[in-house]
Amino acid sequence: MDHEALLRLTFDIAREAREAGNHPFGAILVGPDGSVLLRAGNAHGQAGDRTGHAERVLMTEASVTWPAPFLETCTMYTSAEPCAMCAGAAYWAGVGRVVYGLTEHDLKQLIGPHPENLTMDLPCRVVLGAGQRPIEVIGPLLEEEARAVHAGFWR
């Protein structure tokens with residue numbers, strides 16, 4: 001799979017989310033054949049849902065659409081490293097691989113103590129590594145492009 005091309009699609013979704021009044025995050029689910037099965041942007045602004053992170057929204061839809069054995073063959077691409085909640089959603093949905101752009105650590109530095117996104121500096125590898133089944137994690141990738149999506153947003 002072309003991780004960079006697929007990751008860039010999440011940046012486009014993050015920009016769309018931002019334009020719609022949401023936080024600038026995007027995620028996609030890619031099937032074993034490389035096809036994009038689902039896409040989601042952050043849903044915070046449109047619904048006031050503080051748990052409406054793109055990855056959580058995506059994993060909720062995936063988990064009610066496909067069985068875990070199929071999702072184990074799929075990859076979640078996300079514009080920024082999944083937070084603890086979103087990493088947990090990926091684990092419980094059953095996804096087999098996570099690929100991300102910007103790290104949680106760098107996101108926290110970028111956002112600061114913004115009241116709408118009090119980012120934790122907790123790597124998804126730590127969260128996913130505590131589980132009972134392996135999930136491959138690839139990232140960070142294209143960090144400067146991932147960071148650019150947030151330019152001027154968190155002021």
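Okay, let's start with two helices: the axes of α3 (residues 54–65) and α5 (residues 84–93) come within 9 Å of each other and cross at roughly 15°. Angles under 35 degrees count as roughly parallel, so that is what we call α3 and α5. The crossing of α3 past α5 is left-handed. And which residues make the contact? On the α3 side they are E55, R56, M59 and S63, and on the α5 side M85, C86, A89, A90 and A93. One thing to keep in mind through all of this: we're looking at a predicted model.

Next up, helix α6, which covers residues 104–111. Find E104, L107 and I111 on your screens; those residues are buried. Now look down the axis of α6: where do its buried residues fall? They sit within an arc of 55°, so they line one face of the helix. And what do the buried residues of α6 pack against? Two strands, β3 (75–80) and β4 (97–102).

Okay, on to the aromatic rings. When we talk about a pair of aromatic rings, we give the distance of the centres and the angle of the planes. Rings pair here if their centres lie within 6.5 Å, and that rule gives us four aromatic pairs. I'll walk you through two of them.

Take F25 and W154. Their ring centres are 6.3 Å apart and their planes are at 50°, so this pair is tilted. What I'd like you to see is where the two residues sit in the chain. F25 is in the loop between α1 (3–19) and β1 (26–30), while W154 is in the segment after α8 (143–148). They're 129 residues apart, so to speak from distant parts of the chain, and the pair links those parts. Are F25 and W154 buried or exposed? Both are buried.

Now compare that with Y91 and W92. Here the ring centres are 5.1 Å apart and the planes are at 85°, so the pair is edge-to-face. Y91 has 17% relative accessibility, so it counts as buried. W92 has 72%, so W92 counts as exposed.

Last stop, back to F25 and W154. Which residue joins F25 and W154 in a cluster? That would be F153: ring pairs link F25, F153 and W154 together.

Definitions and conventions:
Residues are numbered from 1 along each chain as its sequence is written. This is a predicted model: local features need pLDDT of at least 70, side-chain atom pairs count only at pLDDT 80 or more; totals for chains, interfaces and linings use all residues. Side-chain values use heavy atoms; hydrogens and water are left out. Rings of Phe, Tyr and Trp (its six-membered ring) pair if their centres lie within 6.5 Å; planes under 30 degrees apart count as stacked, over 60 as edge-to-face and the rest as tilted. Helices (H or I, at least four residues) and strands (E, at least two) are DSSP runs, numbered from the N terminus. Buried means under 20% relative accessible area, exposed over 50%, partly exposed in between (1.4 Å probe, protein chains only). The arc is that of the directions from the helix axis to the C-beta atoms. Contact means heavy atoms within 4.5 Å. Axes are lines fitted to C-alpha atoms, for helices over the stretch in contact, and angles run from 0 to 180 degrees between N-to-C directions. Angles under 35 degrees count as roughly parallel, over 145 as roughly antiparallel, 65 to 115 as roughly perpendicular and the rest as oblique. A crossing is left-handed if the near helix is turned anticlockwise from the far one by less than a right angle, and right-handed if clockwise.
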